[in-house]
Amino acid sequence: MHVLKSAFALIISLTCASAYAQVNQDGPYIHRDGQRIISKYILNNTVKTDTLKPSEPIMVRFAEKPQWDFSFKLQQNIGIPAAEYKAVNKLLVLSDIEGEFEAFRTLMIANKVMDEQYNWIFGKGHLVICGDLFDRGKEVMPYIWLLYKLEQDAIKKGGFVHVLLGNHDVMNMEGDLRYQAPKYQTSVKLMGLDYGTLIAADTELGKWLRSKNAVEKIGDRIFLHGGISPEINAQQLSLNELNQKCRLYYGVPTKALNKEGTLLFKSSGPFWYRGYFGKEQVSVNTVDSTLSKFKVKQIVVGHTITEQNISGYYGGKVIGIDVNQHKANHKAVLFIGKQAFVVDDKGKQEALGLSTE
């Protein structure tokens, strides 16, 4: 009986492992090897490698929906973006996609940011991503590479893409994978690699991520993932200084953080702060202090889902934009001039009802 039970347990274990080990697609994961570009990806549970010249396009492939395939070229230089930008007439802002590629794709097409061939058609408009690129979704890499591609395309048309980091992004860089979909650990087993090596500082994606800001100012608004806490306000840092200090700790494990790193990367930091929402809301004085400090009129954040989102708080001084993209709640905020709209993946627009003056 014991032998039968053991045999049955083994069969169940092997069956589960077999089911778990199927990866339709993942990647590409890219690094430079001298004058060669090595692109490693998985398609239909098979690891593939492309060796390319720097000028050649890199393919992003979808096993089940090849009509979604696209290509991009590597950026010649990955520079640190500015922390402050002049006001623009059109701003589309969203957060917390976390690898839900279809949600992002349909939002971009429906709101005329790009066409179905992934061409930028938003003109001089700006697209702002308030963090959380990684973890729960099935197509993290395609989503990130599409942002990488759109960055280049937007600039050519007079527009801009702002990619700000959230808590899930810094967690992945530091090796904290607790919220990661199981698919990604299966991928690294198939490739015979450690996940950390795929987004390390010497990879293309690792360099790109480590260049990004935590918070940026566009016109009279600041954008970030979590928020600005009283503790961060008390540091008397400019936006540039705050971003520079955050970048120092990208990829540093939580246990290795010093006092400054702990302030920036735990609950009081711009990636994790939730003080604008719920029972423990900070006073309006804290919000006003942040607005005054950075000379803005609004703070736009993701990270925290509430029943009301997308909505304004503190009389419209804070706008929360996080919605559950994993449960088909695909929405964003569109600012046109002084008007604000909630938009969805069908192209519907509804006034947010906030004065931006």
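**Notebook: cavity, pocket, cores and backbone**

I began with the largest cavity, and I noted that strand 1 gives the most to its lining, with four residues. The model I am reading is a predicted one.

**Entry 1. The cavity**

I searched the whole structure and found one cavity of 30 Å³ or more. Its volume is about 50 Å³. I then listed the residues that line the largest cavity: Gln 25, Asp 26, Gly 27, Pro 28, Tyr 41, Ile 42, Leu 43, Met 59, Val 60 and Arg 61. Strand 1 (25-33), strand 2 (36-43) and strand 4 (58-60) each supply at least two residues of this lining. Sorted by class, the lining of the largest cavity has six nonpolar, two polar and two charged residues.

I also checked the backbone at this lining. The peptide bond from Gly 27 to Pro 28 is cis, with omega near 5 degrees. Pro 28 belongs to strand 1. I recorded the bond for the reason that most peptide bonds are trans.

**Entry 2. The largest pocket**

Next I looked up the largest pocket, for which the volume is about 430 Å³. I found 23 residues in its lining, and Gln 25, Glu 64, Trp 68, Lys 138 and Glu 139 are the ones nearest its centre. Helix 2 (residues 101-110) accounts for the largest share of the pocket lining, four residues. By class, I noted eight nonpolar, seven polar and eight charged residues in the lining of the largest pocket.

**Entry 3. The nonpolar cores**

Which residues have the most contacts inside the largest nonpolar core? I found Phe 104, Leu 133, Phe 134 and Tyr 276, in a core of 88 residues. Helix 3 (residues 140-156) gives the most to this core, with ten residues. Another core lies apart from it and has 18 residues, among them Tyr 85, Val 300, Ala 340 and Val 342.

**Entry 4. Helix 11**

I asked which residues of helix 11 (residues 284-294) are buried. The list is Thr 286, Val 287, Thr 290, Leu 291 and Phe 294. These residues cover an arc of only 140 degrees around the axis, so they are on the same side of helix 11. An α-helix has 3.6 residues a turn, so residues three or four places apart point the same way. On the other side of helix 11, I found Asn 285 and Ser 292 exposed.

I then looked for what the buried residues of helix 11 pack against. The partners are strand 10 (215-218), strand 11 (221-224), helix 8 (230-233), helix 9 (239-248), strand 12 (298-301) and strand 14 (318-320). After helix 11 comes Lys 295, with a positive phi near 55 degrees.

**Entry 5. Helix 5**

For helix 5 (residues 182-191), I recorded Lys 183, Tyr 184, Thr 186, Ser 187, Val 188 and Met 191 as buried. Gly 192 follows helix 5, and its phi is positive, near 70 degrees.

**Entry 6. Positive phi in loops**

Most residues other than glycine have a negative phi. I therefore kept a record of exceptions, in keeping with that rule.

Asn 44 has a positive phi, near 50 degrees. I located Asn 44 in the loop between strand 2 and strand 3 (46-52). Is Asn 44 buried or exposed? Asn 44 counts as exposed, because its relative accessibility is 51% and the cut-off for exposed is over 50%.

Asp 96 also has a positive phi, of about 55 degrees. I located Asp 96 in the loop between strand 7 (90-94) and helix 2. Its relative accessible area is 4%, so Asp 96 is buried, the cut-off being under 20%.

**Entry 7. Lys 327**

Lastly I looked up Lys 327, which lies in the loop between strand 14 and strand 15 (331-336). Lys 327 is exposed, with a relative accessible area of 68%. I also took the separation of the C-alpha atoms of Lys 327 and Ala 103, which is 10.0 Å. Along the chain, Lys 327 and Ala 103 are 224 residues apart.

Conventions
Residues are numbered from 1 along each chain as its sequence is written. This is a predicted model: local features need pLDDT of at least 70, side-chain atom pairs count only at pLDDT 80 or more; totals for chains, interfaces and linings use all residues. Side-chain values use heavy atoms; hydrogens and water are left out. A nonpolar core is a set of buried Ala, Val, Leu, Ile, Met, Phe, Trp, Tyr and Cys residues joined through side-chain atoms within 4.5 Å. Buried means under 20% relative accessible area, exposed over 50%, partly exposed in between (1.4 Å probe, protein chains only). On a 1 Å grid over the protein atoms alone, a cavity is a set of points where a 1.4 Å probe fits but cannot get out, and a pocket is an open set with protein on both sides within 12 Å along at least five of seven lines; lining residues have an atom within 4 Å of a point. Grid points are joined across faces, edges and corners, and a volume is the space filled by probe spheres set on the points. Ala, Val, Leu, Ile, Met, Phe, Trp, Tyr, Cys and Pro count as nonpolar, Asp, Glu, Lys and Arg as charged, and the others, Gly among them, as polar. The arc is that of the directions from the helix axis to the C-beta atoms. Contact means heavy atoms within 4.5 Å.
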